[in-house]
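Colleague: Hi! Please give me a close look at one part of this model, the side-chain pairing, with the cut-offs you use along the way.

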Amino acid sequence: MTIERTFSIVKPDAVKRNLIGAIYNRIEKAGLRVVAAKMIHMDADKAKGFYAEHEGKPFFEDLVAFMTSGPVMVQVLEGENAVVRYRELMGKTNPEEAACGTLRADYALSLRHNSVHGADSPVSAAREIAYFFADDEICPRD
Ligand code: GDP
Ligand code: MG
């Protein structure tokens, strides 16, 4: 059994609608553990660096404007196959294509305002965790 870590964001649309607890509840019910968490309000440079892989795409500027529009919760999740399992819990990027019972099907407002982020691979997860958290801010659980 491999315990893995992934990186997650509760995006501004969900924080604004008071959905932090609902989303954490779903994460915990799925058997993933929150091992680090904080609320932050990103500035444009922080958001651009986070989404550097999308720089130059038509939706990049709108994405940065959205991600800096209000506070977000950033968290590290731990569990067996956490990266894939959390992507499954989130559902597809476009909520209209997300499977029933996924976070995006239930909470997302649109393709852009889609409530949650999750790392797409273990390599991305490691980069994204280090982008927001120092090692001593992460609290491994039994
Ligand atoms: P994710 O890994 O499922 O979050 O999706 P991507 O990495 O492809 O895109 C990052 C984020 O950019 C998505 O979660 C959306 O918020 C936004 N996004 C992606 N594609 C589009 C698009 O075609 N239009 C708009 N407006 N936003 C998009
Ligand atoms: Mg992505």
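Modeller: Happy to! Let's start with R112, which is partly exposed at a relative accessible area of 35% (buried means under 20% relative accessible area, exposed over 50%, and partly exposed in between, with a 1.4 Å probe and protein chains only). Bear in mind that this is a predicted model, in which local features need pLDDT of at least 70 and side-chain atom pairs count only at pLDDT 80 or more, while totals for chains, interfaces and linings use all residues. Residues are numbered from 1 along each chain as its sequence is written, chains are lettered from A and ligands numbered from 1 in the order in which they are written, and side-chain values use heavy atoms, leaving out hydrogens and water.

The partner of R112 is D62, in a salt bridge whose closest N and O atoms are 3.1 Å apart (a side-chain nitrogen of Lys or Arg within 4 Å of a carboxyl oxygen of Asp or Glu). This pair links distant parts of the chain, 50 residues apart: R112 sits in the loop between α6 (103-107) and β4 (116-118), and D62 in helix α4 (residues 60-67). Helices (H or I, at least four residues) and strands (E, at least two) are DSSP runs, numbered from the N terminus. D62 is partly exposed as well, at 38%.

By this rule the count comes to five salt bridges. Another of them joins the side chains of E78 and R5, at 2.9 Å from N to O. E78 belongs to strand β3 and R5 to strand β1 (residues 3-10), so this bridge ties together parts 73 residues apart in sequence. E78 is buried at 10%, whereas R5 is partly exposed at 31%.

K38 and E137 also form a salt bridge, with their closest N and O atoms 3.3 Å apart.

Back in strand β3 (residues 72-80) you will find Q75, which is buried with a relative accessible area of 0%. Its side chain makes a polar contact with the side chain of Y24 at 2.5 Å (a pair of N or O atoms within 3.5 Å; within protein, one must be able to donate a hydrogen and the other to accept it, and residues adjacent in sequence count only if both atoms are side-chain atoms). The Q75 side chain also reaches the backbone oxygen of M73 at 3.5 Å. Beyond its neighbours within four places in sequence, Q75 is in contact (heavy atoms within 4.5 Å) with residues including T6, I9, Y24, V34 and F133.
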